Amino acid sequence: MSQSLSKIILHIIFSTKNRYPFLNEKIRYEMHQYLALMCKNFGCFPHKINGTSDHVHIVCELSRTITACKLIEEIKTSSSKWIKTKGNIYQKFHWQKGYGVFSIGMSQLQTAVHYIEKQEELHSKKTYQEEFIGFLKKYQIEYDERYVWD
């Protein structure tokens with residue numbers, strides 16, 4: 001085959017450090033827009049980005065020219081620098097060190113998008129920690145809870 005083709009869809013989840021609620025309604029939409037722009041800059045089409053005051057979900061296509069690890073590192077680093085330019089209240093902003101990234105198929109895309117759209121409603125019933133552990137269990141990822149949070 002003379003060309004390289006791929007269609008890899010990722011569901012990425014990460015939180016603010018110690019789940020501090022930095023992403024108030026004032027800045028949350030702007031942060032999501034910035035994250036979408038970063039994804040696009042790396043050729044990773046964002047299908048949906050949403051979250052709450054302490055975490056984000058990103059569903060995007062992974063470009064064949066970047067690894068998931070590099071994409072997440074770049075968007076977290078860049079967005080952390082960006083938000084600090086938005087005012088003194090964001091000077092101590094940091095993302096958590098880790099993240100979750102899960103592969104989804106085309107048949108699961110709309111379900112994932114719908115799930116992410118409902119973040120506010122969902123988190124009136126469960127915490128970020130409960131949600132994240134649920135994903136680890138769903139995807140059968142072994143983990144040591146002592147090292148999941150920061």
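Trainee: Is the crossing of α1 and α2 left-handed or right-handed?

Mentor: A crossing is left-handed if the near helix is turned anticlockwise from the far one by less than a right angle, and right-handed if clockwise. Here α1 and α2 make a right-handed crossing. This is a predicted model, where local features need pLDDT of at least 70 and side-chain atom pairs pLDDT 80 or more, while totals for chains, interfaces and linings use all residues. Numbering starts from 1 along each chain as its sequence is written, and side-chain values use heavy atoms, without hydrogens or water.

Trainee: At what angle do the axes of α1 and α2 cross?

Mentor: Axes are lines fitted to C-alpha atoms over the stretch in contact, with angles from 0 to 180 degrees between N-to-C directions. Helix α1 (residues 25-41) and helix α2 (residues 68-83), both DSSP runs (H or I, at least four residues), cross at roughly 140°, their axes coming within 10 Å.

Trainee: Which residues of α1 and α2 meet?

Mentor: Contact means heavy atoms within 4.5 Å. From α1 come Ile27, Glu30, Met31, Tyr34, Leu35, Met38 and Cys39, facing Glu74, Ile75, Ser78, Ser79, Trp82 and Ile83 of α2. Nine of these residues are nonpolar, two polar and two charged (Ala, Val, Leu, Ile, Met, Phe, Trp, Tyr, Cys and Pro count as nonpolar; Asp, Glu, Lys and Arg as charged; the others, Gly among them, as polar).

Trainee: What does Lys7 touch?

Mentor: Leaving aside residues up to four places away in sequence, Lys7 touches Glu61 and Met106. Lys7 sits in the segment before β1 (8-15), a strand (E, at least two residues). From Lys7 to Gly87 is 80 residues in sequence and 38 Å in space, C-alpha to C-alpha.
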